[in-house]
Amino acid sequence: ILGARVAMLVRWSRRGLADRSGIEDLRFFLVSVSVTALVWAAFPILFFDSLNLVDRAIMAIVLAGMAGGSTMVLAAEKYAAVFYCASLLLPGSLCFLLEAGGDHRMLGTMGVIFFIVMWYSAHVASEAVMKAILLNQANKSLIQDMEREHQRAAVANAELTVLHKALLEANQGLESKVSARTDELVKEIRERERYEVELCRIAAT
C-alpha cells in the first residue's frame, strides 16, 4: 500500500498543474489513507493474542504516536483524521478492554480517552487550517483586486499624461495665435494712425 501511494505521489508530482484534478487527487488520497488506517486497525486484532504485555504496550504506544501525528497531517480533512485515529486506537483499546487484568483495562481505557482527546484535537486543528486556507484565499483575492486597481490607475495616469500634453500643446498654440493676432492688431492700429495723419496733412494743404 505504501509503495502504491509513493508511486502515485511520483506520478502526481510529474503532472503539470493543468493536468491535475483536485477532486480526483483528493479522492485517491482519502482512499489510500482509509486503506492504510484499516490495515493498522487489523494489526492488533490479528496479532494481539500472540504478543506479551510489553509488546502490547509498545504496540499501543506506536499506534498512539501515529494517531497523534495524523491529527495535524490530516487537519485539512477532519473526517479523515477522525477515521484514521479511530482505526488506530479503538481496535487495540477494545482488545485491551476485553482482556483480563487491570493493566490491560488501564491501557484500554487510556486508549479510549486518548482517542477522545485526538478527536477534539482534530476538530480544533481542522477549524484552524480551514480558517487559514480561507484567509489565504481572501488575501490572494485582495492582492488580485489591488493589482487590477493598480493597472487601472496606471492606465488612467497614462491617459491623464496624454491629455496634459495635449492641453499644453493647445495652450502653446493658442498663445501663438493670440500673439500673432495682437501683432496684426497693432499693425492695423498704426496703419490707421498713419492714414489719419496723412489725411490731416492733405486736408491742411
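Phenylalanine 48 and phenylalanine 96 are both buried (under 20% relative accessible area, with exposed meaning over 50% and partly exposed in between, for a 1.4 Å probe and protein chains only). The model is predicted, so local features require pLDDT of at least 70 and side-chain atom pairs pLDDT 80 or more, whereas totals for chains, interfaces and linings use all residues. Residues are numbered from 1 along each chain as its sequence is written, and side-chain values use heavy atoms, with hydrogens and water left out.

Rings of Phe, Tyr and Trp (its six-membered ring) pair if their centres lie within 6.5 Å, and the planes count as stacked under 30 degrees, edge-to-face over 60 and tilted otherwise. Phenylalanine 43 and phenylalanine 47 form a tilted pair, at 5.1 Å centre to centre and 40° between the planes. Both residues lie in helix 2, 4 residues apart, about one turn of the helix; helices are DSSP runs (H or I, at least four residues) numbered from the N terminus. Phenylalanine 43 is partly exposed at 30% relative accessible area, and phenylalanine 47 is partly exposed at 40%. The rings of phenylalanine 48 and phenylalanine 96 have centres 5.1 Å apart and planes at 90°, so this pair is edge-to-face. Because phenylalanine 48 lies in the loop between helix 2 and helix 3 and phenylalanine 96 in helix 4, the pair ties together parts 48 residues apart in sequence. Ring pairs also link Trp40, Phe43 and Phe47 into a cluster.

Phe48 and Phe96 are among the contacts (heavy atoms within 4.5 Å) of arginine 56, which also include Asp49, Leu51, Glu99 and His104 when neighbours within four places in sequence are left aside. Arginine 56 lies in helix 3 (residues 53–73) and counts as buried at 8% relative accessibility.

Phenylalanine 115 touches Val82, Cys85, Ala86, Leu89 and Leu90, not counting residues up to four places away in sequence.

How values were computed:
Helix = DSSP H or I, 4+ residues; strand = E, 2+ residues; numbered from the N terminus.
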